[in-house]
Amino acid sequence: MFYPKEFDVIVVGGGHAGTEAALAAARMGQSTLLLTHNIETLGQMSCNPSIGGIGKGHLVKEVDAMGGAMAIATDEAGIQFRILNSSKGPAVRATRAQADRILYKQAIRSRLENQPNLWLFQQAVDDLLVEGNRVVGAVTQVGIRFRARAVVLTAGTFLDGKIHVGLNNYSAGRAGDPPAVSLSARLKELALPQGRLKTGTPPRIDGRSIDFSVMQEQPGDLNPVPVFSYMGTTAMHPKQVPCWITHTNEKTHDIIRAGLDRSPMYTGVIEGVGPRYCPSIEDKIHRFAGKESHQIFLEPEGLTTNEFYPNGISTSLPFDVQLDLVRSMRGMENAYILRPGYAIEYDYFDPRGLKSSLETRQIEGLFFAGQINGTTGYEEAAAQGMLAGLNAALQTQGREAWVPRRDEAYLGVLVDDLITKGVQEPYRMFTSRAEFRLSLREDNADMRLTGIGRQLGCVSDAQWQAFENKREQVAREMERLRTTWVNPRILAATEAERVLGKALEREYSLADLLRRPQVNYESLMSLRGVEQQDLAGPAVADPAVREQVEIQVKYAGYIDRQAKEVERHAHYENLKMPVGFDYMEVSGLSIEVRQKLNKHQPETLGQCGRISGVTPAAISLLLVHLKKKG
Ligand code: FAD
């Protein structure tokens, strides 16, 4: 039967990509349906109970800057917050939070249920409705047909998923959930380019069986406690708890080596490629054979459960080996395993088959986001989901797609990498992937993106007001620092020595003084004049405004240089390639390059340059050809 209501956008899958996609499309005012296997698993964290980290935290802030849910849900569910790389430059500083997985799911679900224009429906999707080369809906397991003008597919690790524990394996989407076999077959039938990847997870341990007294405690940052969302506050955080650290040892490594003959990875049972930078413990022992010990973090899964996630021992070894290896570690001698570790193999679709809007090239109106595109991680999934949801909504509004540039957002880097280079292993975000990372900081994601989000229609009035207020305060404070002067007459030498390290020899603006390496905003604001008068204050109260001012002043030189570099490249980078352009007609290019460019049909000249094998010389030839064509 056809369901009586027609939707603008259908999102299939209620993981991290699907929930952000559905929320984004609905925030844009489009009637949206989120179709998922199970409403109870909306926003479920399949693996580690944490959000953020280097590169990933940047993506979460970008989603947040555009009105998305991941950061604020983490503020409501986070039981330990840390700023990573806090002693390093602002470009690589990143927020990471341990989340209570039950609270996180609740936070996501309540946003979904209370979002205007959004409907939920629980059913497996087995088929897509395609008319000509356009998707027009989806069909569920019991034959209910839903019509829509665009469909976003976010099936995660579920497409033809197969779980491995030792030499045993079975079909599943992840532990406890069914696989999506019919949908996978249907997508293959549509001849979308496809491959196989794998990922893994550690066994979970009952905290009552762990001896924490012999482990090292790792608390979160307490002064100040970080906040993830631009709209978040520490008052939203539930109780904060520590993590714990133990180590593998020679005995652990011997147990693992002895079990390799029953490892599905080392016996060739698993064919999918796994993430190199997030290896299983058996991989680590094999690849870093000389290393005597690896650090293992015991992360609480929540405030109302005894379950712990031992970060660092992801494994698909047989269960008896898992038990022995866990129990060989200090403090884990009596550990009780609640859930076995496992690896999962699944289908992904070659992201080179996507446009930069995340719409498939082959089927109009069909968008892919998340793990299905060969990425790994909640944050990568959420960011793509938001983009796909926005673009599906824009398409149904008859508006042009929004495509973030590489110099504008990590999301731009992510999508551009995926569609120009494809993936050879599960793709995760690192700050090193961004060439303009000084401009793409966590702290300025709102400055980069909230205005765009507002124009597109996905940023609420409340968020917009808070942002405008912050932007205004930053501008006012920057101006005040630039135009307030301090001279040796009014600043005593001892005071100058205390804050600036040496006496002033001439007049400086407060901004000049703040640029000095030993000075920060707080110390600058403590400057007192000869008669104890306040020289630099009053300081602004909002820590986010202070941070922004300090970074903008201190790094102004570098930031300006980067902005000029972006400008220099902009013309060629953003030069649009004609749609359906035949590269065979460009003389001087090798046949291989012509074939590759013809196959991938890059949207801009910049993208052409990032396709493997396309050299700077080939780009010059292309440019000459385009100029000749006018
Ligand atoms: P998922 O979170 O997988 O969500 C997919 C959703 O789609 C689910 O709600 C599912 O029920 C639904 N769905 C699927 N098919 C259908 C259908 N046909 N009909 C209706 N609904 C459907 N990430 C890391 O960063 N590091 C790791 O170490 C790591 N290890 C992992 C280990 C395991 C075992 C697993 C399973 C995942 C791991 N991940 C890891 C990946 C992380 O979980 C994913 O990257 C992330 O969840 C992807 O989000 P997603 O929204 O694309 O898909």
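User: What makes helix H1 (16-27), strand S2 (32-36), strand S12 (194-201) and helix H9 (378-396) part of the shell around the ligand?

Analyst: Each of these four elements supplies at least two residues of that shell. Helices (H or I, at least four residues) and strands (E, at least two) are DSSP runs, numbered from the N terminus. The model is predicted: local features need pLDDT of at least 70, side-chain atom pairs count only at pLDDT 80 or more, and totals for chains, interfaces and linings use all residues. Residues are numbered from 1 along each chain as its sequence is written.

User: How many residues surround the ligand, and which are the closest?

Analyst: The ligand is surrounded by 37 residues, with Gly13, Gly15, Gly156, Gly370 and Gly377 the closest. A residue is near a molecule if its C-beta atom, placed from the backbone, lies within 6 Å of it.

User: Where is Gly14, and why is Gly14 called buried?

Analyst: Gly14 sits in the loop between strand S1 (7-12) and H1. Buried requires 20 or more other C-beta atoms within 10 Å of the residue's own (exposed: 12 or fewer; partly exposed: in between; C-beta atoms placed from the backbone). Gly14 has 28 C-beta neighbours inside 10 Å, so Gly14 counts as buried.

User: Why does Gly18 count as buried?

Analyst: Gly18, in helix H1, has 30 C-beta neighbours inside 10 Å and therefore counts as buried.

User: What does the UniProt annotation "binding site" cover?

Analyst: In the unreviewed UniProt entry, "binding site" covers Gly13, Gly14, Gly15, His16, Ala17 and Gly18. Such annotations may be inferred rather than shown by experiment; positions follow the numbering used here, and feature names are shortened.
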